[in-house]
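Please keep the structure in view while reading.

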Amino acid sequence: MGYPLYRPRRLRESPLLRRMVRETRLSVDDLIYPLFAIHGRGHREPIPSMPGQSRLTVDELVKEAKDAASMGIPAVLLFGLPATKDPRGSEAYAEDGVVQQAVRAIKETIPDLLVITDVCLCQYTSHGHCGIVEDGRVRNDATLDLLARVALSHVEAGADIVAPSDMMDGRVGAIREALDESGFQETPIMSYSAKYASSFYGPFRDAADSAPQFGDRRSYQMDPANGSEAIREVGLDMDEGADIIMVKPALPYLDVIARVKQEFGLPLAAYSVSGEYAMVKAAAQLGWLEEDRVVMELLTAIKRAGADLVITYFAKDAVRLLERERHRL
Ligand code: PBG
């Protein structure tokens, strides 16, 4: 049926009609808000390359989490900056580590907020890699035990979901086994399944002080040129017991999000990373982009591609914008 019988503009004229035929809707239920925990009290350290985001001492982090929860955001994703680093990243699995403290504090004050923890070693290791380093190489199988210990320590502190982001082969299975053995069969794993070796993590590495001290992460994170490999990665994680899968970053990988959604029925998260946030913020500061509209377009596009959940530093802004939209219509 072609023009003039079919006129697509008929459905675009009225704002009410546009609302009725809209195919994708961002909801507060989709949002996951990342937070950075530091040691100390009463302190917020602004992150220069991520305007509006700060590293937070545990007491401040609880306030921020409370704020997010009161806006209806269902979940936060926690990262930690340790007091000291060593080759094995031992604070990552310490009972009194900064993330473990933050988890306990949030669960005590806001038990209904879901706490997801990032499971990795790179913020905690002196060399800045996501695994054990021997002879200048990141060792896969030697790292799995440590990752399982990290995940278990988070769950013991009260974490609702653990999210391994290291990209070692077999880590989802190793974590699942460790959790099951300790009686945490019910705790879901959200796996960073298709995580690319991306330059869009730059601002995060400033924020979390997690840049590798030698080399880069290309021996374990995915080559940005590969799409089919993402399908294999997600398949492995699913077989190892992942409950929620993830594609990261989001904006430059919308095709991967779409393919993964089509191929697998699992809930799919997309991580709109620090560099995506920084690009929008920088252009908005220069007056080159209209931040509010760009944020909604970006998050809606990520959902349209196939993501069920969106991890974004814009989570609180998105809730405000969604509410504004609702009042306007
Ligand atoms: C840790 C980790 C990283 C991010 C999330 N978990 C950095 C990295 O892999 O170097 C990036 C998040 C962001 O850029 O917002 N492995």
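**Cavities and the ligand**

The count comes to three cavities of 30 Å³ or more; a cavity is a set of points, on a 1 Å grid over the protein atoms alone, where a 1.4 Å probe fits but cannot get out. The model is predicted, so local features need pLDDT of at least 70 and side-chain atom pairs count only at pLDDT 80 or more, while totals for chains, interfaces and linings use all residues. Residues are numbered from 1 along each chain as its sequence is written, and side-chain values use heavy atoms, leaving out hydrogens and water.

The largest cavity holds about 160 Å³ of space, a volume being the space filled by probe spheres set on the grid points. Its lining comprises 20 residues, those closest to its centre being Cys122, Lys195, Tyr201, Phe204 and Lys248; lining residues have an atom within 4 Å of a point.

The ligand sits in this largest cavity, meaning that more than half of its atoms lie within 2 Å of the cavity's grid points. Around the ligand are 18 residues, and Lys195, Arg205, Lys248, Ser274 and Tyr313 are the closest; each residue counted has a heavy atom within 4 Å of the ligand. The protein buries 100% of the 400 Å² that the ligand exposes when taken alone, by the Shrake-Rupley method with a 1.4 Å probe.

The second largest cavity contains about 40 Å³ of space. Among the residues lining this second cavity are Met167, Asp169 and Glu240.

Terms used:
1 Å grid on protein atoms, 1.4 Å probe; cavity = no way out; pocket = protein on both sides within 12 Å on 5 of 7 lines; lining within 4 Å.
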